Amino acid sequence: MEQVVYRIRRFDGEKEFWQEYSFAHEPNKTVLWGLLKIKETADPSLSFVAACRSAVCGACAVRVNGEAVLACETPLDALLGRFGATLVLEPLGNFPVIRDLVVDWEPKAVRLAEAKPWLMPREEFSAEAGCRQTQAEFKMINAQTNCILCGSCASECNKLSMGDDDFYEPFVYTKAGKFVADSRDGLAAEHLRPVLERGLWKCVHCQECVAKCPKRVAPAEDIAALRRESIRQGLTDNQGARHALAFAGDITNTGRLNETTMAVKTDGLLKSATRLPFALRLLRRGKLNPFHFPAPVEGIDGVRAIVKAAKEAKE
Amino acid sequence: MQIFDVLVIGSGGAGMRAALEAGTRGGLSVGLMTKMFPTRSATGMAQGGINGVLGNADPTDTVAKHIFDTVKGSDYLGDQDAIAFFCGQAAAAIREIDYYGVPFSRDAKGQIAQRNFGGQSAPRTCFSADKTGHVILHTMYEQCLKHGVKMLTDRQLLDLAVDGDGLCGVVALDIRTGRVVPVKAKAVVVATGGAGRMYWSRTTNPFTSTADGMAACFRAGIPLKDPEMVQFHPTGLAGTGILMSEASRAEGGYLYNNAGERFMVRYAPEKMELATRDLVSQAIETEIREGRGFGEGMNAYVLLDLRHLGREKILERLPGIRDLAITFEQVDPIEAPIPIRPSCHYTMGGVDVTDFRTGGTALAGLFAAGEAACVSIHGANRLGGNSLADIMVFGKCAGVGAADYAEAQGREAGGGALETKAAEWEARLAAAMARGGGSSVASIRDRLAEAMWNKVGIFRRGAEMAEAAAIVDGLTAEYERCAVGDDSRVFNTALVNYVELGNLLTMAKAVVLGAVNRTESRGCHLREDYPARDDVNFLKHTLVTLTGSQYELSYRPVVVTEHQPAERRY
Ligand SMILES: Cc1cc2nc3c(=O)[nH]c(=O)nc-3n(C[C@H](O)[C@H](O)[C@H](O)COP(=O)(O)OP(=O)(O)OC[C@H]3O[C@@H](n4cnc5c(N)ncnc54)[C@H](O)[C@@H]3O)c2cc1C
Ligand code: SF4
Ligand code: SF4
Ligand code: FES
């Protein structure tokens, strides 16, 4: 391959347009290298941001052929091998665009702050003496601290793409989850409440956030952990928790999930009718069969035993 | 016009720590200006750790030892009163950020774990796996969110505005709108980080480390102190300059030359790979020069071998380093040694701080902290782990200093000087954007970096540096006519880079001037034509001051209290 083509979705503050740039291929380079090459040798007006060029600052995330990546760490050759000589570059999804590949983080910072992402230390600790924590407890939060706020998860989140009124960016749940899991923190409920109020039970489990995170953070797992913790804390007076309890009920009774009765149990009859379009979408994708009433699976006693054991372990 | 009591410039650890301190005091309006989203700072790149005498790993460690290690590490150019103050505060600063939420790796008792680091007589470096700076930066950001610190994101400091009565505030480029905006402030804290990008691709620093704050203070008449003191980190990746943390040596990595020899045995037989950075950098360069490296010329390297540490330890203690080596050098350290060579890492010199307790400078109301500042505690060579401690300790001091000053200052500064400065910059930037022809910003920048690396790098010589000085002057003239290449008002990063290049040229000129005139070798400043340290003539700080358009040179004695200069041996 001699020439590489970047087809870039550009925006000048008023209008959007596509522009193609081609440059000579060099082996072992990154997506960011290509962008710098264009800016420095062909078109200084092409705008993007990058700071660390070593995958720790989170500045350079962009979409390449529909997937969010860190431009600075993504090997060009691997992409070219997969997609051919032309790559399509776009700004992150689910962010307002300022110019070209530059997106606006300011509204995201406001939303992040709502989840109170800061340590509320337990009473026995002080600023003078610091805190105590075992290495095992530290490891409980080590994965979440890897988040560099690059926005890749938010870009690809299927739930967030449907609107951000009732859902946060996945990294917001990770930040909240970090403090709930931190043994030094004494006020888990404070971190739980904001995410409970916005979306904790609405994640559609698509796992895009886990798949796209360049730092091996797993927001979907943090969401699951936050849900478990909210139920443990008795914060069950909300639709999501009722859904989960219905889910647990179904599994105990039949070993299978009954999607139809579950919608009724959690939403009430009227609301579940309004969810029809969503259900139809799922139906089209083969994810929901309203005419299928599952029979108990074999070994249902085993399933019931597991659910019971899990309940007892929690109590 | 925006008005603040305290305006902090730069959102690295130093800036956010300062803003937090001023912001939690109550009753003061505090702004935090930054040219990129706050968590994109160099602080987040620090992997290794932060120093303080907690005595967790070694109960016999003392502040006195930390002081001595720092003084010795600085090759006696650090001010000993400031160093004593710093070492005395570091442990408290670390406990405090533990309380703020920094997740530290722990020891068996649940205390903060500590490990060995280069140039230190006890294991006193606290860490969080190998992302210490990242977690400190994010914790500071979380605290700023908690306290509702007002962030002015995507705004680049251009200049300070000073009138007959003193400091009025700053003018900045609002990158989003392309307009120059004046911001009035009673007190300003400059915390804009280092200047490593003078060496462009030969640095561990992010693209943003372009001496903006240093140059702005310099233009306002504040001296640059010890600008010639530039640290090179021994272990940058051969291909990109990206840092392999000191932790890789601290955890027991070996350095080999092309003869398979652990060559440090000839340079620092006791400390071996754990000797200070300057010694290790010079050792590697010497090996390469004398033909014992791999590869040729600019592409030469030696090997950093971690394999004997074993898979488990590498995965547990050095996962970030492993990731970087795989991603950027296509080498998995579990299986093969990593090609490395030195890379410009830290700017010891900077804005001349005259009162270390507050970060105060010669201009009332102007404070500086972090890598942008020169206090000086790092002297001619900074110890690993001392910079993160520096930004936490002195970031807080500057926050307190600026808040105290703003409280005591009744005067509401006049806006006249601000308006004039803003109009000046508006005109200058508009002209630069309109200009066609001329060299590109990138071409001037690359030639600057090449001259600095080859002639004012790890080894220095008077004649070569004189050439470098001429090159910098030539490039500065070219810069006046260069093309930005983009005349948009919306997020014009080419314009940002243009401003940055001007600052790099200013800083580079000061570096060369300081380096040419320091006719001795000390710490990172290695003169081949003057190989010995000269305490009789050079136990003093270089001060470069702008008078009119002239860079003027003067000196100030180093503060020596307890430790008389002695030969530095490891
Ligand atoms: C790869 C690497 C590893 C390191 N490892 C360690 C370590 O293990 N231990 C240690 O102690 N030290 C380490 N250091 C050094 C240490 O990280 C830095 O010296 C320190 O973090 C500097 O902090 P700071 O707050 O002064 O500046 P920075 O973190 O550099 O922040 C500067 C801020 O100023 C902003 N800024 C710059 N110019 C302008 C402008 N014109 N207008 C507005 N804002 C501006 C930037 O955007 C940034 O937010 C390392 C450095 C690097 C690069
Ligand atoms: S798993 Fe949930 S949070 Fe993650 S991308 Fe899918 S919907 Fe979003
Ligand atoms: S969770 Fe991962 S993908 Fe999401 S912002 Fe953090 S680092 Fe980026
Ligand atoms: S430039 Fe920092 S993550 Fe890519």
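**Chain contacts, charges and rings**

Author: Between chain B and chain A, 27 residue pairs are in polar contact, both residues being at pLDDT 80 or more. A polar contact is a pair of N or O atoms within 3.5 Å; within protein, one must be able to donate a hydrogen and the other to accept it, and residues adjacent in sequence count only if both atoms are side-chain atoms. This is a predicted model, in which local features need pLDDT of at least 70 and side-chain atom pairs count only at pLDDT 80 or more, while totals for chains, interfaces and linings use all residues; side-chain values use heavy atoms, with hydrogens and water left out. Residues are numbered from 1 along each chain as its sequence is written, and chains are lettered from A and ligands numbered from 1 in the order in which they are written.

Reader: How many residues of chain B are in contact with chain A?

Author: Contact means heavy atoms within 4.5 Å; 62 residues of chain B are in contact with 63 residues of chain A. The area buried between the two chains is about 4900 Å², with 54% given by carbon and sulfur atoms. Buried area here is the accessible area (1.4 Å probe) that two parts lose on being put together, summed over both.

Reader: What makes Glu316(B) and Lys139(A) a salt bridge?

Author: A salt bridge requires a side-chain nitrogen of Lys or Arg within 4 Å of a carboxyl oxygen of Asp or Glu. The closest N and O atoms of Glu316(B) and Lys139(A) are 3.5 Å apart, so the pair meets that limit. The count between chain B and chain A is eight salt bridges.

Reader: Where does the salt bridge of Asp98(B) and Arg184(A) lie, and what is its N to O distance?

Author: The N to O distance is 2.9 Å. This pair crosses between chains, from Asp98(B) in helix α3 of chain B to Arg184(A) in the loop between α6 (170-181) and α7 (188-197) of chain A.

Reader: Which parts does the pair of Asp332(B) and Arg322(B) tie together?

Author: The salt bridge has its closest N and O atoms 2.9 Å apart. Asp332(B) lies in the loop between α9 and β14 (338-347) and Arg322(B) in helix α9, so the pair ties together parts ten residues apart in sequence.

Reader: How many aromatic pairs are there over all chains?

Author: Rings of Phe, Tyr and Trp (its six-membered ring) pair if their centres lie within 6.5 Å; planes under 30 degrees apart count as stacked, over 60 as edge-to-face and the rest as tilted. By this rule there are 22 aromatic pairs over all chains.

Reader: Why is the pair of Tyr168(A) and Tyr173(A) called edge-to-face?

Author: The ring centres are 5.9 Å apart and the planes stand at 65°, so the pair is edge-to-face. Tyr254(B) and Tyr256(B), with centres 6.3 Å apart and planes at 90°, are likewise edge-to-face.

Conventions
Helices (H or I, at least four residues) and strands (E, at least two) are DSSP runs, numbered from the N terminus.
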